[in-house]
Amino acid sequence: MKLDKSEVLQTATPGEVRAALLGLSSADSVRLKQLAKLRAPGTGMEWADLLNEAFARAMGGQRQWPIGVPFVAFIAQTMRSIASDERRSRDFVVSLDEAQADEGPGRSDGELTPSTDVTPERELSAKQQLGQVQALFEDDAVSLAILVATAEEMAPDAIQKQLGLSATQYASALRKIRRRLQTFSSGD
Amino acid sequence: VKQTKNRQTDALLDVAEKLLLEASDDEVLASSGPQAARVAGLEVQALVRKNIDAANSSVMAPQAKKAGRAKRNLTAQAKHKVSVLASFLRALAVTRPELSPRLQAVFRSSQPPDPVDVEKLAVELLKKHLDKSK
C-alpha cells in the first residue's frame, strides 16, 4: 500500500490513539506481545513493561502516531526506539561504572560522557539476541540464510538465485520462518 | 567487527519484526493457539486499560478537585442557610410557639434539628402566612 506523504505526516489526536488502543483485535494483541518479546531482550525490561511504555508514550503524546501508519506498526516502531534507548542507557550506566572504577589519582577531568562505542554490555545483549534467532533456525540452514540475506538487504530475487530456490520454495520458506518467529515470541 | 555484528543483529530483528507484522490475522492466531491468544488478549487489554485509566485520572483529577471544592462550598452555604433559618425558627419556638405545634417539637431536643424538618416547618409557616394574607 502506497501512502500519501501528507497522510503519513498527519498525526493522530489523543482521542484517535485511545480509540485505536480500545479497538485492538485478538490478533493485534498477539502480534504486539510477539513484537514486544522480540525487542525486550537486552533492555532489562519485561515484554509487558516495554509494551506498556510504548502505550504510555503514544497516549501521552511523546510519540506521535502518523495517521497513515498502521497502529500496530507504529507501536512496534515505538518499542524499537524505547528498546534502543534502554540498551544505550544501560551501556551508559556500565560505562559510568567503568569510568568511576578506572578513575585513579591521575584522572581528574571528571568528564563522563556516554559512550557510543560498542560496550561489552551491548555486545553481550547483541550476542544473546543473535543467539536466540540462530538457535531458532539451527536445524534449518535455508531459513537462517534467507533471514540473514534479507537483513543484509538482498533482494528476494537475488536470495532465491543464491540459494537455488524457486519462488514457491522461497514463499514457503518465508511462511516457515514467520511461524517459527511467532511460536518463539508467543511462548511464555 | 563488533559494530557490524550489532548492526547485523538489529537488522535481523528488523526483518523478524517485519515478518511478524506482515503475517495475516489467521496466521497469527493459528501460530499462538486459542489459549495463548486469549491470554495475550487479556494481558494487552490490561495494559490498555491501565493506560486509559491513568490518562482519565490525570484529566479528571483537576476536575474532581474543582467539583469537590464546589460541593464543599455548597454544603457550607447550605448549612449556613439552614442554620440561619433554624435560629430564626428556634427563636419563634420560644416567642411564638402558638404558630405551629411542630415548632417546639422540632426544637425540643438539644441536638441540632434535622434540616429537612426545619425546611418543612419553614414551608408550613410560610404557607400559613400566605393563606392568612389572602
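# Briefing: how chains A and B meet

Between chain A and chain B there are 11 residue pairs in polar contact, with both residues at pLDDT 80 or more; a polar contact is a pair of N or O atoms within 3.5 Å, where within protein one atom must be able to donate a hydrogen and the other to accept it, and where residues adjacent in sequence count only if both atoms are side-chain atoms. This is a predicted model, in which local features need pLDDT of at least 70 and side-chain atom pairs count only at pLDDT 80 or more, while totals for chains, interfaces and linings use all residues. Residues are numbered from 1 along each chain as its sequence is written, chains are lettered from A and ligands numbered from 1 in the order in which they are written, and side-chain values use heavy atoms, with hydrogens and water left out.

**The interface between the chains**

- In chain A, 48 residues are in contact with 40 residues of chain B, where contact means heavy atoms within 4.5 Å.
- About 4,200 Å² is buried between chain A and chain B, with 66% of it on carbon and sulfur atoms; buried area is the accessible area (1.4 Å probe) that two parts lose on being put together, summed over both.
- The number of salt bridges between chain A and chain B is 7, a salt bridge being a side-chain nitrogen of Lys or Arg within 4 Å of a carboxyl oxygen of Asp or Glu.
- On the side of chain A that touches chain B, two or more residues come from each of α2 (14–22), α3 (26–39), α4 (47–60), α5, α6, α7 and α9 of chain A; helices (H or I, at least four residues) and strands (E, at least two) are DSSP runs, numbered from the N terminus.
- The largest share of this side of chain A is given by α3(A), with 11 residues.
- Sorted by class, the side of chain A that touches chain B has 27 nonpolar, 11 polar and 10 charged residues, where Ala, Val, Leu, Ile, Met, Phe, Trp, Tyr, Cys and Pro count as nonpolar, Asp, Glu, Lys and Arg as charged, and the others, Gly among them, as polar.

- Over all chains, the structure holds 16 salt bridges.
- One of them is formed by the side chains of Arg80(A) and Asp14(B), at 2.8 Å from N to O.
- Because Arg80(A) lies in helix α5 (residues 71–102) of chain A and Asp14(B) in helix α1 (residues 2–22) of chain B, this pair joins two chains.
- Arg80(A) is partly exposed at 39% relative accessibility, and Asp14(B) is also counted as partly exposed, at 23%; buried means under 20% relative accessible area, exposed over 50%, and partly exposed in between (1.4 Å probe, protein chains only).
- Arg80(A) and Asp14(B) also belong to a network of salt bridges that links them with Arg39(A) and Glu17(B).

**Salt bridges within a chain**

- In chain A, Asp140(A) and Lys176(A) form a salt bridge whose closest N and O atoms are 3.0 Å apart.
- This pair links distant parts of the chain, 36 residues apart, since Asp140(A) is in the loop between α6 (120–136) and α7 (141–151) of chain A and Lys176(A) is in helix α9 (residues 167–186) of chain A.
- Asp140(A) is buried, with a relative accessible area of 8%, whereas Lys176(A) is partly exposed at 35%.
- In chain B, the salt bridge between Asp53(B) and Arg49(B) has its closest N and O atoms 3.6 Å apart.
- Asp53(B) and Arg49(B) are 4 residues apart in helix α3 (residues 34–95) of chain B, so about one helical turn separates them.
- Asp53(B) is partly exposed, with a relative accessible area of 40%, and Arg49(B) is partly exposed, with 41%.

**Chain A as a whole**

- Chain A has 9 helices and 0 strands.
- Of the 188 residues in chain A, 41% are buried.
- Among the contacts in chain A with a separation of 6 or more, 64% are between residues 24 or more positions apart.
- Chain A exposes about 10,000 Å², of which carbon and sulfur atoms supply 51%; accessible areas come from the Shrake-Rupley method with a 1.4 Å probe, and for residues only the protein chains shown count as cover.

- Leu9(A), in helix α1 (residues 5–9) of chain A, is exposed, with a relative accessible area of 62%.
- Although Leu9(A) and Trp65(A) are 56 residues apart in sequence, they are 9.0 Å apart in space, C-alpha to C-alpha.
- Glu153(A), in the loop between α7 and α8 (156–163) of chain A, has a phi near 65°, a positive value in a residue other than glycine.
- Glu153(A) is exposed, with a relative accessible area of 73%.
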